[in-house]
Amino acid sequence: MNSGSGPERVQKVLAAAGLGSRRQCEALIRAGRVSVDGRTARLGDRADPSTAVIVVDGVRVHADPRLVHYMLNKPRGVVTTLHDPEGRPTVADYVTTPPRVFPVGRLDVDTEGLLLLTNDGPLAQRLTHPRYGVPKTYVARLRGTVRRQALRALTEGVELDDGVAAASSVRTLAAARDETLLELVVTEGRNRVVRRMLSAVGLSLERLARVQLGPLALGDIGQGRVRPLTSREVRELYRAVKLGDVDTDRPAAPEADDEDEQ
């Protein structure tokens, strides 16, 4: 991919971004499905992937070589910050090569699972802002059995000290007499909201992991491992937060620092 050397043919930029072969990308341009900085692209047009806003079918293309996106399967005991005054391990220990990246939202020290690390500010802002309602999927390991009343309360809403909170969906993945695996989908971003919801309905949590963020799934990546996102995954995240060429909605105000700390 271009490393900042200036404008290139749009089809070359699209091909480098994973949209297909150059011939396939030329077909996208001919069909009028590509825009550059808000104008429909034509064959022969050039664009600088470091600065141009390139959109295909209404979804922004990850073309800027300066932007990086990583998925980390965060272990328990790791702090979601770049520096910890107590000397505990942090997520910064997992991506040490330039450019510097930042965690998108937070997982508390005892929560494990999917964490996105990036220097893509607009994407990070939208993923964490409640306006875009990005769903986050968690798997909770609970002691004992879970009654139907508790499941119903989690979706209907439970009263917390900072207001009512509800899961978008809840389902039992596995159940035994001494243990239950529960999947919860939330769009909330309040501090430790999943843990507090489970406690409010009398459930005893043993382990909590985030397994999906919007369209991005943790998959089989090992705990403590990091991998870069594919171009397709980045496009899907852009689509999920409506990050396109015509950003008619104004930038959302930043959320509080406790966003997503489950």
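Two strands are said to pair if DSSP finds at least two bridges between them. Strands (E, at least two residues) and helices (H or I, at least four) are DSSP runs, numbered from the N terminus. The model is predicted, so local features need pLDDT of at least 70 and side-chain atom pairs count only at pLDDT 80 or more, while totals for chains, interfaces and linings use all residues. Residues are numbered from 1 along each chain as its sequence is written, and side-chain values use heavy atoms, with hydrogens and water left out.

**First stop: the open sheet**

Select strand 2 (residues 34-36) and strand 3, which pair in the antiparallel sense over 2 bridges. Here Ser35 stands opposite Thr40 of strand 3. Both strands belong to an open sheet of 4 strands, in the order 3-2-5-6, with antiparallel pairing. Its edges are strand 3 (39-40) and strand 6 (59-60), each of which pairs on one side only.

**Second stop: the whole chain**

Of the 262 residues, 46% are buried; buried means under 20% relative accessible area, exposed over 50%, and partly exposed in between (1.4 Å probe, protein chains only).

**Third stop: the nonpolar cores**

A nonpolar core is a set of buried Ala, Val, Leu, Ile, Met, Phe, Trp, Tyr and Cys residues joined through side-chain atoms within 4.5 Å. Select Leu117, Leu154, Leu182, Met197, Leu198 and Leu203: these have the most contacts inside the largest core, which has 32 residues. At least two residues of this core come from each of strand 7 (69-74), strand 9, strand 10 (136-143), helix 4 (148-156), strand 11 (158-160), strand 14 (179-186) and helix 5 (193-200). Helix 5 gives the most, with 4 residues. Apart from this core lies another, of 20 residues, among them Val59, Leu127, Val134 and Ile221.

Centre the view on Leu154. Contact means heavy atoms within 4.5 Å; not counting residues up to four places away in sequence, Leu154 touches Ala166, Ala167, Val170, Leu182, Leu184, Met197, Leu198, Val201 and Leu203.

In helix 5, select the buried residues Val193, Val194, Arg195, Met197 and Leu198. Their cover includes strand 10, helix 4, strand 11, strand 12 (163-165), strand 14 and strand 15 (204-213). Gly202 follows the helix and has a positive phi, near 80 degrees.

Just after helix 6, Lys242 takes a positive phi of about 55 degrees.

**Last stop: two aspartates in one loop**

Select Asp108, in the loop between strand 8 (102-103) and strand 9 (112-118). Asp108 is buried, with a relative accessible area of 2%. The side chain of Asp108 makes a polar contact with the side chain of Arg192 (2.4 Å). A polar contact is a pair of N or O atoms within 3.5 Å; within protein, one must be able to donate a hydrogen and the other to accept it, and residues adjacent in sequence count only if both atoms are side-chain atoms.

Asp110 is also in the loop between strand 8 and strand 9. Asp110 counts as partly exposed, at 38% relative accessibility. Leaving aside neighbours within four places in sequence, Asp110 is in contact with Arg76, Arg195 and Leu208. The C-alpha atoms of Asp110 and Leu208 are separated by 7.7 Å, although these residues are 98 residues apart along the chain.
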